[in-house]
Amino acid sequence: MSTISGESLLQQLNWRYATKKFDPSKKISAADWAVIEEALILTPSSYGLQPWRFIVVTDPALKAKLRPASWNQSQVEDCSHLVVLTAKQDITEVDVDRFIERIAEVRGATVESLAGYKGYMVGDLVNGPRHAIIHEWAARQTYIALGNLMTSAALLGVDACPFEGIEPAKYDEILGLKGTGYTTISACPLGYRAADDKYASAPKVRFEAKDVVDHR
């Protein structure tokens with residue numbers, strides 16, 4: 001199995017930044033987007049349950065509609081691809097069954113052999129105390145996906161900018177999410193930085209390791 005060098009990994013993580021201005025003339029190739037999208041799908045989640053849907057917006061008219069609901073940030077229109085991360089509003093036994101059936105399909109197991117795992121998930125997420133905050137739990141999962149998306153893009157030399165500066169309810173309305181069981185959590189424009197984005201060359205500001213890492 002081939003691996004990226006530590007030096008290359010850190011170089012790309014230092015290269016990336018929250019892109020403030022995209023070059024609208026530059027688009028992510030179909031081949032690169034296919035890789036980024038597959039990386040997004042491969043994001044880990046609690047229990048592996050994947051309580052999300054990712055909406056990829058490339059239509060200029062739709063991006064224009066979303067811009068006012070994004071604090072009028074230009075990245076929404078100028079990016080190549082806009083990923084909207086949504087989370088399930090509820091988790092039911094039906095959702096668990098769907099996942100169990102997928103495990104059986106992919107791994108060649110029987111649904112019956114997975115009864116214990118199903119019971120554990122139902123006991124925790126559907127019938128347990130966690131169910132009272134299940135939407136919050138699902139929303140937290142999407143941030144794992146957001147981080148994975150940005151890192152994967154950076155490794156391919158694709159710029160990104162995480163967005164919480166949006167109006168989720170308006171996104172839901174514009175994207176037709178009402179009644180689907182999913183709601184908008186965040187968004188992430190991706191593409192290529194504009195040559196005149198001054199933030200591209202600004203030094204990255206992070207606390208020193210001693211201030212944020214505690215070895216025990």
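User: Which residues in α1 meet T151, A154 and L155 in α7?

Analyst: This is a predicted model, in which local features need pLDDT of at least 70 and side-chain atom pairs count only at pLDDT 80 or more, while totals for chains, interfaces and linings use all residues. Residues are numbered from 1 along each chain as its sequence is written, and side-chain values use heavy atoms, without hydrogens or water. Contact here means heavy atoms within 4.5 Å. The residues in α1 that meet T151, A154 and L155 in α7 are L9, Q12, L13 and W15.

User: Are α1 and α7 roughly parallel or roughly perpendicular to each other?

Analyst: Helix α1 covers residues 6–15, and its axis lies 9 Å from that of α7, at an angle of about 110°. Axes are lines fitted to C-alpha atoms, for helices over the stretch in contact, with angles from 0 to 180 degrees between N-to-C directions. Angles under 35 degrees count as roughly parallel, over 145 as roughly antiparallel, 65 to 115 as roughly perpendicular and the rest as oblique. The angle of α1 and α7 therefore makes the pair roughly perpendicular.

User: How many charged residues has the contact of α1 with α7?

Analyst: Ala, Val, Leu, Ile, Met, Phe, Trp, Tyr, Cys and Pro count as nonpolar, Asp, Glu, Lys and Arg as charged, and the others, Gly among them, as polar. The contact of α1 with α7 has five nonpolar and two polar residues, and the number of charged ones is none.

User: Which residues of α7 make the contact with α2?

Analyst: Helix α2 (residues 30–41) and helix α7 (residues 134–155) have axes 9 Å apart and an angle of about 150°. The two are therefore roughly antiparallel. From α2, the contact draws on I36, A39 and L40, and from α7 on A145, N148, L149, S152 and A153.

User: How many residues in the contact of α2 with α7 are nonpolar?

Analyst: No charged residue takes part in the contact of α2 with α7. Two of its residues are polar, and the nonpolar ones number six.

User: Which residues of α6 make the contact with α5?

Analyst: The axes of α5 and helix α6 (residues 115–126) come within 10 Å and cross at roughly 150°, so the pair is roughly antiparallel. The side of α5 is formed by E93, V96, D97, F99, I100 and I103, and that of α6 by Y117, K118, M121, V122 and V126.

User: How many charged residues does the contact of α5 with α6 include?

Analyst: Eight residues of the contact of α5 with α6 are nonpolar and none is polar. Those that are charged number three.

User: How many strands has the protein?

Analyst: Read along the sequence, the pattern is α-α-β-α-α-β-α-α-α-β-α-β-α. Helices (H or I, at least four residues) and strands (E, at least two) are DSSP runs, numbered from the N terminus. Helices number nine, and strands number four.

User: Which element gives the most to the lining of the largest pocket?

Analyst: The largest pocket holds about 910 Å³ of space; a pocket is an open set of points on a 1 Å grid over the protein atoms alone, with protein on both sides within 12 Å along at least five of seven lines, and lining residues have an atom within 4 Å of a point. Of its 28 lining residues, the closest to the centre are I41, L49, Q50, W52 and R102. At least two lining residues come from each of α2, β1 (52–57) and α5 (93–107). With seven residues, the element that gives the most is α5.

User: How many charged residues are in the lining of the largest pocket?

Analyst: The lining of the largest pocket has 16 nonpolar and four polar residues. Its charged residues number eight.

User: Which residues lie closest to the centre of the second largest pocket?

Analyst: The lining of the second largest pocket has eight nonpolar, one polar and five charged residues. Of the 14 residues in that lining, the closest to the centre are R16, Y17, Y199, A202 and K204.

Methods: 1 Å grid on protein atoms, 1.4 Å probe; cavity = no way out; pocket = protein on both sides within 12 Å on 5 of 7 lines; lining within 4 Å. Points joined across faces, edges and corners; volume = space filled by probe spheres on them.
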